[in-house]
Amino acid sequence: MSTWNGVWQALDERLKLSDFTYPVPRHANTVAYSLGGISLIGFIVLIVSGILLAQYYNPVPQLANDSVRAITQVVHFARILRGIHYWAAQVVMVTVLLHMFRIFITGSFKKPREANWIIGVGLLAVTVGLFFTGTVLKWDQEGFEALEHNIAIGHLLGGLGHWFTPAFTEHVPLLVRLYIAHINILPGILLLLLAGHFWLIKKHGISARPGQPVAEMLPFTAHLKHLGKYALVFMGIVLILAVLRPPAVGPAPVEGIEVTKPPWPFLPLFAVENWVGVPGLFWASVILFLLLLLVPFVDRSPHAVWRRRPLFITLGFLLLVVLVGLGLLAWLTPGAVHVGG
């Protein structure tokens with residue numbers, strides 16, 4: 001008996017870990033079907049690195065930018081740690097989007113997995129929220145202008161958006177409240193959604209490849225070993241990027257101007273905002289997430305093979321082309337002033 005099996009049996013005897021396992025098809029170990037697991041690995045890296053960075057970050061507006069600068073220039077190894085956190089966030093954003101795209105193409109959201117698709121849309125929203133609040137916490141010009149958009153949308157929503165404005169309380173800066181959201185509220189929601197997500201995966205199993213017979217089933221431990229390999233690749237990529245391309249620290253923000261563009265996930269919305277202002281930014285976001293939520297309710301045919309779903313596959317690719325096109329347009333053209341000036 002190997003050491004690993006002995007450790008597993010000892011832990012299982014006491015913690016009943018086998019109750020969480022389930023057989024998985026062989027194709028679950030491919031990259032396409034492991035994107036969810038890779039995203040989970042990324043979230044773990046983000047949580048651990050975020051806890052460490054929080055020991056050195058000061059969310060008070062007057063000190064936030066200086067504390068980020070001190071992390072990169074004073075604290076030993078914190079510069080690499082911040083790079084790991086930054087690049088892990090970029091990679092997770094990509095893997096989460098690719099994971100949802102794979103599920104859509106393979107029809108893995110169909111009966112009986114509709115609820116898990118809805119949870120997945122919630123996880124995407126939380127991931128975007130974490131990405132946005134993390135951008136604000138840098139408290140450079142980009143982060144400050146992101147916060148101004150947050151405030152503008154809060155005013156647009158009236159009473160429903162009161163929490164997102166400084167008027168909610170005069171004693172606690174909005175930056176501090178977004179910091180709390182970044183390290184407490186959003187991670188808490190993330191963990192709850194992940195728990196439901198994984199419970200439903202265990203309940204229904206990993207979806208089969210469309211149009212193919214049921215694959216050979218493997219023990220869950222074999223799947224974990226493959227995820228371990230992907231974890232090493234993930235960490236290798238993130239570490240290399242953290243060393244070779246460490247994230248810059250922008251200067252302290254200047255109030256009353258708008259000169260930056262948002263990070264890449266928000267560029268399509270930025271293009272809409274250039275045309276119709278902050279209301280366009282808000283309503284485009286709402287419409288996009290509503291369209292995602294409607295997917296399992298409108299594509300209700302029993303067919304999962306993409307060739308037998310030409311209408312919805314075409315609509316999905318059309319939406320993707322529009323988003324990519326808007327993103328490129330925003331990247332290539334100068335931005336208008338929306339909330340500054």
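## Burial and overall form

A residue is called buried when its relative accessible area is under 20%, exposed when that area is over 50%, and partly exposed in between, with a 1.4 Å probe and protein chains only. By this criterion, 42% of the 341 residues of the chain count as buried. The model is a predicted one, in which local features need pLDDT of at least 70 and side-chain atom pairs count only at pLDDT 80 or more, whereas totals for chains, interfaces and linings use all residues. Residues are numbered from 1 along each chain as its sequence is written, and side-chain values use heavy atoms, with hydrogens and water left out.

The chain holds 11 helices and two strands, where helices (H or I, at least four residues) and strands (E, at least two) are DSSP runs numbered from the N terminus. Their order along the sequence is α-β-α-α-α-α-α-α-β-α-α-α-α. The radius of gyration of the chain, 22 Å, is close to the 20 Å that the globule rule gives for 341 residues, so the chain is as compact as a globular protein of that length; this radius is taken over C-alpha atoms, and the rule is 2.2 Å times the number of residues to the power 0.38. Along the principal axes, the C-alpha atoms fill a box of roughly 65 × 50 × 40 Å. Contact means heavy atoms within 4.5 Å, and among contacts between residues at least 6 apart in sequence, 81% join residues at least 24 apart.

## The surface and its nonpolar patch

The accessible surface of the chain comes to about 18,500 Å², with 72% of it belonging to carbon and sulfur atoms; the areas come from the Shrake-Rupley method with a 1.4 Å probe, and for residues only the protein chains shown count as cover.

A nonpolar patch of about 810 Å² is formed on this surface by Ile118, Trp283, Ile287, Leu290, Leu291, Leu293, Leu294, Phe297 and Val298. Helix H10 (residues 278-298) gives the largest share of the patch, eight residues. Phe297, which belongs to helix H10, counts as partly exposed because its relative accessibility is 43%.

## Trp117 in helix H5

Trp117 has its place in helix H5 and counts as buried, at 5% relative accessibility. Apart from residues up to four places away in sequence, Trp117 touches Met100, Ile103, Phe104, Phe109, Leu292, Leu293, Val295 and Pro296. The C-alpha atom of Trp117 is separated by 41 Å from that of Glu255, which is 138 residues away along the chain.

## Backbone features in the loops

In the loop between helix H4 (78-105) and helix H5 (114-137) lies Pro112, and the peptide bond that leads from Lys111 to Pro112 is cis, with omega near 10°. Phe77, in the loop between helix H3 (61-73) and H4, has a positive phi of about 65° although it is not a glycine, and Phe77 counts as exposed at 71% relative accessibility.

The loop between H5 and helix H6 (141-156) contains Trp139, a residue other than glycine whose phi is also positive, near 55°. Trp139 is buried, with a relative accessible area of 8%. Asp140 lies in the loop between H5 and H6 and counts as buried at 8% relative accessibility. A polar atom of the Asp140 side chain lies 2.8 Å from the backbone nitrogen of Gly143. With neighbours within four places in sequence left aside, Asp140 is in contact with Asn65, Gly250, Pro251 and Pro253.

Terms used
Patch = residues over 30% accessible without salt bridge, like charges linked within 9 Å, V, L, I, M, F, W, Y side chains within 5 Å. Salt bridge = Lys/Arg side-chain N within 4 Å of Asp/Glu carboxyl O. Polar contact = N/O pair within 3.5 Å; in protein donor to acceptor, adjacent residues only side chain to side chain.
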